[in-house]
Amino acid sequence: TLCTMAALGSAKAALQVTEVLETILSRCLGPEGRQVLCTKPTGEVLISRSGGCLLEALHLEHPIARMVVACVSSHLRRTGDGAKTFIILLCHLLRGLHTVIDKEQDSLISKNIQTHRRHWKNCCQWKFISQALLTFQTQILDYIMDHYLSKHFLCRSSLELLLEAYFCGRVGRNNHYFISQLMCNYFFKCMACESGFEEVFDLVDDYFVELNVGVTGLPVSDSRIIAGLVLHRDFSVYCPADGDIRIVIVTETIQPLFSASASEFILNSEAQFQTSQFWIMEKTKAIVKHLQSQNVKLLLSSVKQPDLVTYYAGLNGISVVECLSPEEVSLIQRVMGLSPFILPQASSQYEICNTASVKFCKPLTLRSKRYVHLGLISTCSFVPHCIVLCGPVQGLVEQHEGALHGAFKMLRQLFKDLDLSYMIQTSDQNHTSSPLTYKDSRESNPLPEIVNGLIQRPYQGTVVKNKGNLAKTQTYLKVYSNLVVPSVELETCIPCSTPKVTPTDTYQTNETLRCLAPTKTRTIDDNEPFIESNSANSTAENTGIEISSENLQVTKIAGKGNMLPVREKSLEMCTSQSYCCSTLPAGCVLPVGGNFEILLHYYLLNYTRKCQQSEESVVSMIIANALLGIPQVLYKSKKGKYSFPQIYIRTLHALQTSQPIVSSQKGLESVAGKYQLLTSVLQCLTKILTIDLVINIRRQPREMYDQDSDEEV
Amino acid sequence: MSRLEAKKPSLCKSEPLTSEKVRATLCVLKGILTSSYGPSGRLKQVHNGLGGCVCTTSQSSALLSNLPVTHPILKILTTSTKNHVSCFSDCGLFTAILCCNLIENVQRTGLTPTTVIKLNQHLLRLCTNYLKSESCGCRIPVDFSSPQTLLCLVRSIVTSKPACMLTREETDHISALVLKAFLLTIPENTKDRLILGKSIIVPLKGHRVLDSTVFPGILIEVSEVQLMKILPIKKSNAFKVALFCASLSGDLSDTGEGTMVVSSGVSLENAVLEQLLNLGRQLVSDHVDLVMCQKVLHPSLKQFLSMHQVIAIDRVGVALMEPLSKVTGTQPIGSLGSISPSSYGSVKDLCPAKFGFKHFLHLIPNEATICSLLLCNRNDTAWDELKLTCQTALHVLQLTIKEPCVLLGGGCTETHLAAYIRHKISNRRTSAGKNHQLQVPAGKDVHCLSYKKWSIPAPQPMTSCHQPELLWFFSNGLLFKTILLDFLLLQKITLLCFVCWTCLWFC
């Protein structure tokens, strides 16, 4: 019998798999998204809108699907957002790749170049693409983010708007406002001072489970915030106390035992046994007495204490809470700066005792379940508070918990600086050797077709053509005219702060371009011809705008003609690379509703136009078009003025005429999150493309020396 | 432990919840629930085809937990109802029926989900605000100085559970007992916060309902043989009590993680027994009269104690530990060594009691908030139902302390609320005109919708003889004495929130 079954082509399979996932997840995306109900054969029901939750709930068999889910999960663990967008983007990317590859193969066949075809086949076309993807991810993306996108970013981030937008896509429509308000209040209550907010995010994210209590059977609107820490267990012994309440943490039993691990206790007589028991009792009593003398009123233990200890503690007015989880212990340690109490070995060392004060310590009853409520006094910038999350059923409580945790992860990422690094001025060209350029010049034919084809897909009409050409010219004109200039960009942009952008002002815009170049050290001279040719290019196209739309085709060709020599020139000249590092400041946001995607799409399209390499431009093009998939889903149900084509055209028009983009939505989303999402998707795609064979084996993989399986075949 | 699940790929189907199949299943559930609702509701027999006991009930908690629902949506509906019941004990059927009605009516109107959600939220706010406001005509403040209101409340709960099979006289008896049991759990002198005690329900099946009684203190069931040994109990003013949570069986626990090597000839059992007897000697010398242990007492220790006229009761169980320590004022002892005198407690009196064929030891406290409700009913099923009913009533009474407000029962509140909504909407329709906040097709639709949605068929007690009373009530705005009291305000508001949430699933 045949032991192995192989399936060819991971990209095709991956497309099928992700398309299935996309159909499930795309209906949960955005504010209009609906909830999904999953049932298990065991009768359990899962209610969710969260992509990560749904993906993990699905019992996926296909190895590629499992790989994709693993990628999504690891992305979520880091950023807490974007599972649905991940799948949709991946699906569009794979779809785009397929159409491009099919087209290319067709064109090659028609040209009858057998050798090329074989070359494509043999040299692992997918691997080529995956390398191009990697190049894109490491260089182009950062470059575009830094140079073009960054000026649109807003740095005044309102927490309310951010959270509202976040929860819009995560929880039910009737609860999102309430939950986002709850989280906002929670955050502000936990924050001791303005400067310490990062610590709050870190702490809440790390100890989220310990900081919230789920209660089923009450309406969501009963959820509230409680000052202090709620431990998810009851007192073993409770002695009411007030005034100065000191606590200790122990991590082992206070009562000494007969024998420690890996030791032997030899018992020779009954009297010896009785004396040792007596000694144990006295010792325990002494330790508890000592704790009492230190004014300790609460004993927190990570292990179960023997009855004797709880009895003596109760006699001495010490409350006991047992079986704390390691996370709870470490949270208390971190908040209070308290280290566990180490049991004194000899009776003389009693003085060393780590205690800390709490404001109060009392039982808390939530829906007939008892908890321990501690008023911790914080020594860090996190003021401990707990969220009590209520919901009619457990599933809803869990959904809200997941969403809140994700929101904290998202904020934690948002308020970190994002480092961008790339090589300026088309350093890629060094990688491509002359034969490739040769190939490029021939293969540049299908490229414009793709542009038009993909752009025309969402809608028809003449507007499109105008847009395509306008976009081309305005890349250079518009770029530095936007008013919102983030701080990082300021140094490079000061010389060219207010360029007048009109179609006739081509020379002035070239000035700005030149202004930009000098900041990037020694490549000035090398770049000189490049810029010149660019100016030529743009003049050519500017004249094109004034001509009627019928003539556009001509100008386009003219533009291309201009492009080709440029490429050769720059190849010769840009031999030196210069690395550029910049940082996206913490807290950068953009309005929601696919703004990031449309912006990136726009700038990528512009980039491909001046880009000389085929793979690079094809990849950029595919990514640019795939990005549009997200707003398409978001605006699927909208009609008229708010339909996707309308919004797309409006945004592009605003970009071309360098007007501020008017967004219909108030909500904000994290740029860093989007950036990380894109890189994660690209990494996942690269991973998929590098696989060429899926082998299905029926048994555990064996050692190499095992010959049996071979013989069976 | 969850069942093992066969590994198979997931199946995704997008099934609209408005489909005929879903509607039909919902209809069946609604039929079951509505027919069991109210005092003259019909009983349901739930049984397993393979055997086992038959459950005869009309209560939501019993019904829903026994009813196997398959459709995920119904599962959500029943689960959220069950969670509501576990929080507020009563009104499970009402919640579920209102859910079903609301879903049906919403589906019939064919509004878009967004509109329905907005509409529901608006109406919910309208209802809860009205119920919370002082102007609400169905609200009656609970008067703790007279038992009338509370008795009414308990009575309306007991009468709405026909599966208890109570006559009128029995209903009165049980209602009074429940109220008495509740009053016994309220501490006499409270400092800052009120901590309610506990009523322990003691089963006695096969007896007349009128034999049910309530006692302050705890009834501990003992075997006849055991009781004979204890008797006669010497008379005294107070009995000194020791309560152990540690095992007194002479086992050796917690020797540590290492090994323990015992030389030959050394008997640990003897050593431990010696220790136990020492403990016994200490108890005797401390003049303890009653020793109770959560776990097991060593027979020798038991023997020793009974020789010294100390009553020993073991295997009390963890459930009774807290009430016992409250009643006697002891601190559970976890040590076999010296016992601090402060750990002992006392009871006022200790007397044997016999109810039916069962023997009990009755611990009468000096002053405590624990009472025992000895509950009798003719057969097992009826007893189970009665127990649930009493628990419900006790819980509802506890909730009155949280929010001392009750609403009129017998469909009054619902009718009133529906009328209020109708009034509000029609006002709005005339005044607001086109600037309607809610995007609804037409004012008339809203009107019908809201009325249908929030009105629930009045339960059976509102028969023709009640009608005049009701009308009188509405016209005078006063409470008529015999009108049933039904829901707590708190309960009702939560209930409405629940219903609203559950219905969103069908949008």
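B:Met165 comes out as partly exposed in this predicted model, with 44% relative accessible area; the label covers everything between buried (under 20%) and exposed (over 50%), using a 1.4 Å probe and protein chains only. The residue belongs to the loop between helix 6 (148–159) and helix 7 (168–184) of chain B. Helices here are DSSP runs of H or I with at least four residues, strands are runs of E with at least two, and both are numbered from the N terminus. Most residues other than glycine have a negative phi.

Chain A has a case of its own. A:Arg367, again not a glycine, shows a positive phi near 50°. This arginine sits in the loop between strand 11 (356–366) and strand 12 (369–376) of chain A, and its relative accessibility of 28% makes A:Arg367 partly exposed.

On the bookkeeping side, the model is predicted, with local features needing pLDDT of at least 70 and side-chain atom pairs pLDDT 80 or more, while totals for chains, interfaces and linings use all residues. Residues are numbered from 1 along each chain as written, chains are lettered from A and ligands numbered from 1 in the order written, and side-chain values rest on heavy atoms, leaving out hydrogens and water.

Turning to the rings, there are 20 aromatic pairs over all chains. The rule takes Phe, Tyr and Trp (its six-membered ring) with centres within 6.5 Å, and calls planes under 30 degrees apart stacked, over 60 edge-to-face and the rest tilted. One of these pairs, A:Tyr186 with A:Phe408, is edge-to-face, at 6.0 Å centre to centre and 80° between the planes. A:Tyr186 lies in helix 8 (residues 176–190) of chain A and A:Phe408 in helix 13 (residues 394–414) of chain A, so the contact ties together parts 222 residues apart in sequence. Both partners are tucked away: A:Tyr186 is buried at 1% relative accessible area, and A:Phe408 is buried at 0%.

A:Phe235 and A:Tyr238 make a tilted pair, with 4.7 Å between centres and 40° between planes. Here A:Phe235 is buried at 9% relative accessibility, whereas A:Tyr238 is partly exposed at 32%.

A:Tyr186 and A:Phe408 also turn up in one aromatic cluster, whose other members are A:Phe187, A:Phe188, A:Phe197, A:Phe201, A:Phe208 and A:Phe415. Finally, the charged end of A:Lys362 sits over the ring of A:Phe360, 4.6 Å from the ring centre; the criterion asks for NZ of Lys or CZ of Arg within 6 Å of the centre and within 35 degrees of the ring normal.
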